[in-house]
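Here are some notes for a colleague who is meeting this structure for the first time. Please read them with the model open.

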Amino acid sequence: MKKIIRVLVAVAAGLVLAGPGTLATPAEARAASAGESTRLELPRPTGAFAVGRDTLHLVDRERKDPWVATADRELLLSLYYPALARTGSPAPYMTVAEAKALLTDRGQLGDHATPERVAATRTHSRAGALPRPAATRWSCSPRGSRCRAPR
């Protein structure tokens, strides 16, 4: 969980501290220099396929959380997968409440951006996107240690 938080903080800090226009179009950069706020945007994926995203909330009721002894062990998992283009809806970066908690937890980071601005960061993944069908089927050993494409 701490590693996930560190990654989110690093991404948020990079976006906030990147400076006006760094991740923006020239028109947005001009607007930023005029004192208007710009929308943050994550870099566009470099692959050939659209990106789908699904979020899973997993709960292991058999084990307790190592930091909260009275709570069940939980894991929030984001899955990214090749998707069919123009399916699903734009996936949010995070909620305003999550952004507020992140900025508050990281001290002065909140002086550089509002929770609303961080939460509105544009992603290039799509929630609910249809998975792209596999071009080939893979065969794997019973334990999954070796996989290969058919000949």
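1. In what order do the four strands of the open sheet lie? The order is β2-β1-β4-β3, and the pairing is mixed, where strands are DSSP runs of E with at least two residues, numbered from the N terminus, and two strands pair if DSSP finds at least two bridges between them. Because β2 and β3 stand at the edges with a single partner strand each, one side of each has no neighbour in the sheet.

2. This is a predicted model, in which local features need pLDDT of at least 70 and side-chain atom pairs count only at pLDDT 80 or more, while totals for chains, interfaces and linings use all residues. Residues are numbered from 1 along each chain as its sequence is written, and side-chain values use heavy atoms, with hydrogens and water left out.

3. Threonine 87 sits in the loop between β2 (72-83) and β3 (89-90). Is threonine 87 buried or exposed? Its relative accessible area is 15%, so threonine 87 counts as buried (under 20%, with exposed over 50% and partly exposed in between, using a 1.4 Å probe and protein chains only).

4. The side chain of threonine 87 reaches the backbone oxygen of leucine 84 at 2.8 Å. Apart from neighbours within four places in sequence, threonine 87 is in contact (heavy atoms within 4.5 Å) with Arg126, Ala129 and Leu130.

Conventions. Polar contact = N/O pair within 3.5 Å; in protein donor to acceptor, adjacent residues only side chain to side chain.
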